[in-house]
Amino acid sequence: MAYDVIVLGAGPVGENVADRVVKGGLTAAVVERELVGGECSYWACMPTKALLRGAAALRAARSLPGAREAVTGDLDVAAVLARRDGFSSHWKDDGQVAWLESAGIALHRGHGRISGERTVEVTGEDGVTTLLTARHAVVVATGSSALVPEIAGLREARPWTSREAAAASGVPARLAIIGGGVVATEMATAFASLGSTVTVLARDGVLPQAEPFAGELVTASLRESGVTVRLGAEVASAGRDGDGTVHLVLTGGDRVEADEVLVAIGRTPNTRDIGLDTVGLEPGSWLAVDDTLRVLDGGGWLYAAGDVNRRVLLTHQGKYQARAAGDVIVARATGAPVDDARWGRHVATADGRAVPQVVFTDPEVASVGLTAAAAEAAGLRIRVVDHDLAAVAGSALHAEGFRGQARMVVDEDRRVIVGFTVAGPDVAELLHAATIAIVGEVPLDRLWHAVPAFPTVSEVWLRLLESYGR
């Protein structure tokens with residue numbers, strides 16, 4: 001079978017590549033060995049946020065006099081898990097398959113493997129192999145999987161990864177989490193709210209890639225909610241005994257016991273068995289790409305979008321890459337001009353300096369662009385401006401005991417914002433304003449004319465500008 005474009009992986013990234021290709025007038029097929037819709041739909045973004053939302057709403061009600069008096073119970077764990085199941089479509093992909101059909105995208109179920117230039121072999125569950133040929137491009141959008149480190153006994157202890165945590169059918173009485181990043185802190189927040197006794201073993205700290213104040217606020221909040229956070233703790237060995245108890249031995253000799261252990265220390269690319277060796281690339285490697293998402297040393301016809309290229313491991317950023325990749329493939333196939341200049345239609349410029357991210361912990365952490373440390377490392381002459389988010393009138397109205405902080409990082413030579421981080425209750429919706437300011441490279445002099453409404457938490461923008469000065 002021949003198509004203009006073949007996409008390996010039918011997650012949100014692969015779906016978006018194929019959609020842009022078809023809308024551009026080409027034909028496209030996606031190859032998927034699991035569920036159409038991918039990690040985000042069934043084991044990441046949607047189910048994990050569903051696990052977190054109930055507790056967040058309850059905390060919000062309890063932080064307001066008048067509302068807190070109306071709260072007469074705790075979370076209904078069964079209802080939270082049932083709502084999670086709904087957002088995961090009960091791990092069935094009928095709806096996603098129907099969307100592919102409506103979009104005119106062909107679906108081939110099975111394991112896809114590149115077998116040569118512009119060719120893909122698909123092996124179905126029945127063992128039958130189908131050969132697909134691409135007239136123009138093959139796109140790798142196979143994503144990533146949880147990284148399980150080589151710790152003695154850990155694999156034999158049958159640890160949870162992000163998938164098992166997101167899809168858990170019950171709540172363990174004791175949960176140990178190895179790691180201190182986004183998945184670790186979000187799942188610590190979720191399972192503590194659902195009744196687990198949680199221990200976080202954060203060798204490299206809590207949210208180590210974020211501004212330091214964000215990790216400090218999240219650590220304090222986790223501890224207040226009953227979570228044990230052990231900074232600098234490193235697991236030396238693990239084991240699970242006959243009654244199911246997991247035993248973790250730390251490098252200093254301390255021991256931690258739990259009913260389940262979640263490993264959340266990073267990701268590894270799903271490229272080990274997709275035929276990279278047939279085109280001179282290393283199986284199991286991340287795929288380096290140019291800004292149009294074309295694989296370096298990939299012959300000009302091979303592209304990689306989403307986690308697999310390691311530029312940014314976030315669903316929304318992968319979908320952004322997918323739109324650029326799909327459009328540039330169409331342009332190259334039809335002989336149309338390629339707009340690959342900075343911020344052009346066919347490039348993923350934002351991957352370098354304008355990536356937005358929200359960590360749905362308590363407090364939420366929303367950030368975009370560079371941290372102060374990253375900006376300095378990039379050689380920028382910067383000024384850091386901080387403001388106590390609780391000092392904004394809208395914050396006091398939002399919740400009693402509101403705690404939070406906002407920071408903007410200014411490129412002093414251009415007088416534009418290159419980084420923004422805010423931590424506090426329900427701050428996720430503040431983020432897009434900062435994203436627009438950074439992507440648009442809006443001068444600070446012009447931002448003074450973007451007047452925040454009173455009394456909203458967004459007034460923090462005015463306070464940051466006042467602290468910076470005119």
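1. Let's start at Gly-335: this residue comes just after helix 9 and takes a positive phi of about 80 degrees. (Helices are DSSP runs of H or I with at least four residues, strands are E runs of at least two, and both are numbered from the N terminus.) Keep in mind that this is a predicted model, where local features need pLDDT of at least 70 and side-chain atom pairs count only at pLDDT 80 or more, while totals for chains, interfaces and linings use all residues. Numbering runs from 1 along each chain as its sequence is written, and side-chain values use heavy atoms, with hydrogens and water left out.

2. Helix 9 itself covers residues 315-334. Its 20 residues should span 28 Å at 1.5 Å a residue, and the end C-alpha atoms sit 29 Å apart, which agrees. The expected span here is 1.5 Å times one less than the number of residues.

3. What does helix 9 pack against through its buried residues? The partners are strand 1, helix 1 (12-23), strand 6, strand 16 (302-304), helix 10 (350-353) and strand 17. The buried residues include Gln-317, Gln-321, Asp-327, Val-328, Ile-329 and Val-330. Buried means under 20% relative accessible area, exposed means over 50%, and partly exposed is in between (1.4 Å probe, protein chains only).

4. On to charges. A salt bridge here is a side-chain nitrogen of Lys or Arg within 4 Å of a carboxyl oxygen of Asp or Glu, and that rule gives 34 of them. One pairs Asp-4 with Arg-135 at 3.2 Å, N to O. Asp-4 belongs to strand 1 (residues 2-8) and Arg-135 to strand 6 (residues 129-140), so this pair links distant parts of the chain, 131 residues apart. Asp-4 is buried at 10% relative accessible area, whereas Arg-135 is partly exposed at 47%.

5. Another salt bridge joins Arg-59 and Asp-362, with the closest N and O atoms 3.2 Å apart. Arg-59 is in helix 3 (residues 45-62) and Asp-362 is in the loop between strand 17 (356-359) and strand 18 (364-369), so the bridge ties together parts 303 residues apart in sequence. Arg-59 is partly exposed at 30%, and Asp-362 counts as partly exposed at 24%.

6. Glu-150 and Arg-155 also meet in a salt bridge, 3.2 Å from N to O. Glu-150 is exposed at 71% relative accessibility, while Arg-155 is partly exposed at 45%.

7. How many disulfides does the structure hold? Zero, taking a disulfide as a pair of cysteine sulfur atoms within 2.5 Å. As for individual cysteines, Cys-40 is buried at 13% relative accessible area, and Cys-45 is partly exposed at 24%.

8. Strand 12 (residues 246-250) and strand 13 run antiparallel, joined by four bridges; strands pair if DSSP finds at least two bridges between them. Leu-248 stands opposite Val-256 of strand 13. The hairpin has four residues between its strands, and Gly-253 there takes a positive phi near 105 degrees.

9. Last, Ser-285, in the loop between strand 15 (267-269) and strand 16. Ser-285 counts as buried at 16% relative accessibility. Leaving out residues up to four places away in sequence, Ser-285 touches Pro-269, Thr-271 and Leu-276, where contact means heavy atoms within 4.5 Å.
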